[in-house]
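Take a look at the chain shown here. This short report walks through its fold, its core and its pocket.

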Amino acid sequence: MTRIFLDATTLIALGTIGELEQLTSFTGTLVVLPTVQREVTTEPAQTNLTRFIAQDAVATTDPAVQDHIEQAKEVLGETEQNGDVSLIAAVLAYTAEDRPVGVVSDDKRVRTTARGLGATVTGTVGVIVRAVEEGLDREAAHDLVRRIDSHGLHMTGNLREKAYALIDDAAE
């Protein structure tokens, strides 16, 4: 089964508005690594994440990641282990064994690197589109985009319009 590693960017965006359950639309095991969880420091995102992990049986460890931390630091040019390093270490671990791996992040560097290494990548808007594909109402999805935009993600007009178009396509 695919492991889907979640980044703090999406956890903060969805956690701030109390919509982390939208992540359960994915098929696979959701993973929030400890270094990523520590990066979610704002409320109510932090409390909502703690509840989400407990209630939805989200994995918080993956032994394969530790073996690739140093390589991930090199790839990203980092000296310390942080959430980005952990996510890229996960991608390196899984792609080295030809196992499917996904990353959910809005961070451009993480997305570009993970995709380049062979991971399937999406972001917060992709989570909402996936939820629509799995049955979330179109208007509810548009409302989610508006709520996320007004609570911190701050989308450009172009991104917001693209999100609405992707949602509309998924709803048809």
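What follows goes from the whole chain down to single residues.

**The whole chain**

The model is predicted. The chain holds 10 helices and 4 strands. Along the sequence they run in the pattern β-α-β-α-α-α-α-α-β-α-β-α-α-α. The radius of gyration is 16 Å, close to the 16 Å that the globule rule gives for 172 residues, so the chain is as compact as a globular protein of that length. Its C-alpha trace spans about 45 × 30 × 30 Å along the principal axes. Of the 172 residues, 48% are buried. Take the contacts between residues at least 6 apart in sequence: 64% of them join residues at least 24 apart.

**The core**

The largest nonpolar core has 58 residues. Those that touch the most other members are Phe 5, Leu 6, Leu 11, Leu 23, Val 32 and Leu 49. Helix H6 (residues 83–96) gives the largest share of this core, 9 residues. Leaving out residues up to four places away in sequence, Phe 5 touches Val 31, Leu 33 and Leu 87, among others. Its partners also include Tyr 94, Val 101 and Val 103.

Is helix H1 mostly covered or mostly open? It is mostly covered: 7 of its 9 residues are buried. Among them are Ala 8, Leu 11 and Leu 14. Just after H1, Gly 18 takes a positive phi of about 70°.

Phe 26 lies in the loop between H1 and strand E2 (29–31). Buried means under 20% relative accessible area. Phe 26 has 18%, so this residue counts as buried. Its contacts, not counting residues up to four places away in sequence, are Ile 4, Val 104, Thr 122, Gly 126, Val 127 and Arg 130. The C-alpha atoms of Phe 26 and Ala 165 are separated by 20 Å, and the two residues are 139 apart along the chain.

**The largest pocket**

About 230 Å³ of space lies in the largest pocket. Its lining has 12 residues, and the closest to the centre are Asp 106, Arg 111, Gly 123, Val 125 and Leu 159. Helices H7 (108–116), H8 (124–133) and H10 (157–171) each give two or more residues to the lining. The largest share, 4 residues, comes from H10. The table sorts the lining by class.

| Class of lining residue | Number in the largest pocket |
|---|---|
| Nonpolar | 5 residues |
| Polar | 3 residues |

Technical notes:
Residues are numbered from 1 along each chain as its sequence is written. This is a predicted model: local features need pLDDT of at least 70, side-chain atom pairs count only at pLDDT 80 or more; totals for chains, interfaces and linings use all residues. Side-chain values use heavy atoms; hydrogens and water are left out. Buried means under 20% relative accessible area, exposed over 50%, partly exposed in between (1.4 Å probe, protein chains only). On a 1 Å grid over the protein atoms alone, a cavity is a set of points where a 1.4 Å probe fits but cannot get out, and a pocket is an open set with protein on both sides within 12 Å along at least five of seven lines; lining residues have an atom within 4 Å of a point. Grid points are joined across faces, edges and corners, and a volume is the space filled by probe spheres set on the points. Ala, Val, Leu, Ile, Met, Phe, Trp, Tyr, Cys and Pro count as nonpolar, Asp, Glu, Lys and Arg as charged, and the others, Gly among them, as polar. Contact means heavy atoms within 4.5 Å. A nonpolar core is a set of buried Ala, Val, Leu, Ile, Met, Phe, Trp, Tyr and Cys residues joined through side-chain atoms within 4.5 Å. The radius of gyration is taken over C-alpha atoms; the globule rule is 2.2 Å times the number of residues to the power 0.38.
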